[in-house]
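Me: I'd like to learn how to read strands, helix faces and ring contacts in a model. Can you walk me through this one?
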Amino acid sequence: MFIDQANIRVTAGRGGDGAVSFRREKYVAAGGPDGGDGGRGGDVIFVADPNLTTLLDFKYKRKYQAENGENGRACNSYGRSGKDLVIRVPRGTLVKDGDTGALMADLSTDEPVVIAKGGKGGLGNSHFKSSTRQIPRFAKPGYPGEDFYIQLELKLIADVGLIGFPNVGKSTTISRISAARPKIANYHFTTLAPVLGVVRVGEEASFVAADIPGLIEGAAEGVGLGHDFLRHVERCRLLLHVVDVSGCEGRDPIEDFEKINSELERFSPQLAQRPQIVLANKCDIATPEQKERFAHYVKEKGLELCEISAATGQGLEKLPQMVWKRLEQLPPPATFTPDYVKPQQQPGRQFTVTKEADGSFTVQAEWLERILAGSNVEDYESLQYFQTQLADSGVLDKLVELGVQEEDTVRIGEYEFDYLF
């Protein structure tokens, strides 16, 4: 099954917590704190895999979690960092932020891309010793890893894209010039997914061609299969526009040509400017007048024309060389520049204090919750350190400004305290 879009959630590993530990050794009366730092959480890394051609795997698994870092240990031993999670996707996959749609990465090369970074490990209690605080019974917890809801969108990487109305001979053409074996039948929409084929021109020369499912009028708005697969021609450097010059299905080849180009223009003006070679297919059953009329029209457009018969092979022997010469003059396949910007954290220790209707107070500050999570409220020095952070950051001043009274309830995250002078 060909799947070219998927929505998943990726979460980097959380950093390990710092350890609370004290040196215990024979003949050492006061060894002091020796709690080590927590390990760093694992990253979520995306890598392009040339052996993959679909996003099918992401249809069944939608949550990906990197390994958390280990907690710190005694003897100033650091916790082990979490293992990175490597996610393999087909080459040409775009990674977008699920909330904004901004492009985070274009996996068109072999370069791995870190999408979600693991959280830093927390500091052990050995970092908090001082001349006045000799037995700190608290440490810092690890930081959470980055978490993203992302969209994956596959845009195939091919040098050449075959476009045209359904049943004009695109699949037969690519099966003749490459080793690709798409389904071929005499009805519309036989091809339901893009088909890639490598076309050999010489010993050191080849290019990749993509058979794109047939477009129809209104494809840019989602009519037929066009809306689903127009994205796969965006990277193509050259378009082979296949037209049924015989009009055997009662359609006018010139009108067909105009309609397809109109859909390209509506989908992407840049795509409509892509170079084209027009393939006048079914010329073996077309009349001389039909061929002459269409050839005159294409010549007026300034485009290159190749009369072929995909069914009999007529004219196809010169097509690969013709395409190769054009490709040598064109730039490499298009890549997309990421435009995602991570939200900038405000400098300093930001917080908000709200007085609730019942007279209690709520303090919102992620940094303060992390300090509180690593504090031992039963220990005097630990509680003193926490109160110092409240005072230095201005939280206590804000509470007083809002009219806090003795024994009022103050909430910080999941914790509740009674305010005391």
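Me: In which sense do strand E1 and strand E8 pair, and over how many bridges?

Reply: Keep in mind that this is a predicted model. E1 (residues 5-11) and E8 (residues 147-154) run antiparallel, with seven bridges between them. Gln 5, for instance, sits opposite Glu 153 in E8.

Me: And in which sense does E1 pair with strand E3?

Reply: Parallel this time: E1 and E3 (residues 63-65) share three bridges. Arg 9 has Lys 63 of E3 as its bridge partner.

Me: Next, the helix. Which residues of H7 are buried?

Reply: H7 spans residues 319-327, and its buried residues are Leu 319, Pro 320, Met 322, Val 323 and Leu 327. Looking down the axis of H7, you find them within an arc of 165 degrees, so they line one face of the helix.

Me: How many aromatic pairs does a search of the whole structure find?

Reply: Five. For each pair, check ring centres and plane angles. Phe 128 and Phe 138 have centres 5.1 Å apart and planes at 45 degrees, so that pair is tilted. Both Phe 128 and Phe 138 are buried. In the pair of Phe 257 and Tyr 297, the centres are 5.8 Å apart and the planes at 85 degrees, so this one is edge-to-face.

Me: Where do Phe 257 and Tyr 297 lie?

Reply: Phe 257 is in helix H4 (residues 253-267) and Tyr 297 in helix H6 (residues 288-301), so the pair links distant parts of the chain, 40 residues apart. Phe 257 is buried at 2% relative accessible area, and Tyr 297 counts as buried at 12%. Together with Phe 294, they form one aromatic cluster.

Terms used: Residues are numbered from 1 along each chain as its sequence is written. This is a predicted model: local features need pLDDT of at least 70, side-chain atom pairs count only at pLDDT 80 or more; totals for chains, interfaces and linings use all residues. Side-chain values use heavy atoms; hydrogens and water are left out. Two strands pair if DSSP finds at least two bridges between them. Helices (H or I, at least four residues) and strands (E, at least two) are DSSP runs, numbered from the N terminus. Buried means under 20% relative accessible area, exposed over 50%, partly exposed in between (1.4 Å probe, protein chains only). The arc is that of the directions from the helix axis to the C-beta atoms. Rings of Phe, Tyr and Trp (its six-membered ring) pair if their centres lie within 6.5 Å; planes under 30 degrees apart count as stacked, over 60 as edge-to-face and the rest as tilted.
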